[in-house]
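Thanks for coming, everyone. Please look at the structure on the screen while I talk about helix packing and aromatic pairs.

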Amino acid sequence: FDAVRNLANQFDGGFYALGIHPMYVHSSEEADLERLAEAIERALDDQRFVAIGEIGLDFFVKEIATGVAREKQEHFFNEQLKLAHRFELPVILHVRRSQDIILKYLRRYEGLRGIAHAFNGSEQQADRFIELGYLLGMGGAMTFNRAQQIRRHATKYDLAHYALETDSPDMAPSWLDAKTTPNTPMQLARIAEVFAELRGQSLAEITKQTGENVLNIFPRMKSLISQ
């Protein structure tokens, strides 16, 4: 948690979230949830701290998708949602082959909002996330012609329901060879161009609205930027 905070404070425009990622829950202990709560309380005075995340469920990785490991994932996810609700903070969601279970937990916490990162569920699941107040995260996967479902999601909804992202260094866009060229946030501008082309809207409109969407989801970020 300290490393994340220190990194975000090293440059202008740096913001951060705190959370226990589902792919690391298996190596975490119950006491880590207490440490997270303490870190959140300390971070509340830091305006660069904007959310709880990345948290969620990952049922793609076989080793953590069943049995005790899955139960532990769900427990840690629910406990972190409790923290987000308690501190009135938005969440950044890791949603991999777990959309319906995540939605089940989100319904327990009225008023909680956030971003469904790298969304790749069904149309019905997308509808439910939007109804609950979550933005759909669109990034590198959307830039591949073969990603037909994601591209359909990218064009179906009002522009107010999207966030653009890179997930760097992972999920490189179609024009990068991930083995030789690292994916960085610098790719966001070109991802926005692809998004604008898919939707038939101007790049200016895309960047303005998606930027506003993110600031509305992260009010602490919006407050600092407006100063």
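Start with two helices, H7 and H8. H7 covers residues 188–199, and H8 covers residues 203–217. They pack at an angle of about 115°, with axes 9 Å apart. That makes H7 roughly perpendicular to H8. Keep in mind that this is a predicted model.

How does H7 pass H8, in a left-handed or a right-handed crossing? The crossing is right-handed.

Now the residues that meet. From H7 we have Ala-192, Glu-193, Phe-195, Ala-196 and Arg-199. From H8 come Leu-203, Ile-206, Thr-207 and Thr-210. By class, this contact has five nonpolar, two polar and two charged residues.

Next, the aromatics. How many aromatic pairs does a search of the whole structure find? Five.

Take Phe-77 and Tyr-105. Their ring centres are 5.7 Å apart, and their planes are at 75°, so the pair is edge-to-face. The cut-off for that label is over 60 degrees. Phe-77 lies in helix H3, residues 67–87, and Tyr-105 lies in helix H4, residues 99–106. So the pair ties together parts that are 28 residues apart in sequence. Both Phe-77 and Tyr-105 are buried.

Here is another pair: Tyr-162 and Phe-195. The ring centres lie 5.1 Å apart with planes at 65°, so this pair is edge-to-face. Tyr-162 sits in strand E6, residues 162–164, and Phe-195 sits in helix H7. The parts they tie together are 33 residues apart in sequence. Tyr-162 is buried, at 0% relative accessible area. Phe-195 is buried, with 0% relative accessibility.

Last one. Phe-119, Phe-129 and Tyr-134 form one aromatic cluster.

Methods
Residues are numbered from 1 along each chain as its sequence is written. This is a predicted model: local features need pLDDT of at least 70, side-chain atom pairs count only at pLDDT 80 or more; totals for chains, interfaces and linings use all residues. Side-chain values use heavy atoms; hydrogens and water are left out. Axes are lines fitted to C-alpha atoms, for helices over the stretch in contact, and angles run from 0 to 180 degrees between N-to-C directions. Helices (H or I, at least four residues) and strands (E, at least two) are DSSP runs, numbered from the N terminus. Angles under 35 degrees count as roughly parallel, over 145 as roughly antiparallel, 65 to 115 as roughly perpendicular and the rest as oblique. A crossing is left-handed if the near helix is turned anticlockwise from the far one by less than a right angle, and right-handed if clockwise. Contact means heavy atoms within 4.5 Å. Ala, Val, Leu, Ile, Met, Phe, Trp, Tyr, Cys and Pro count as nonpolar, Asp, Glu, Lys and Arg as charged, and the others, Gly among them, as polar. Rings of Phe, Tyr and Trp (its six-membered ring) pair if their centres lie within 6.5 Å; planes under 30 degrees apart count as stacked, over 60 as edge-to-face and the rest as tilted. Buried means under 20% relative accessible area, exposed over 50%, partly exposed in between (1.4 Å probe, protein chains only).
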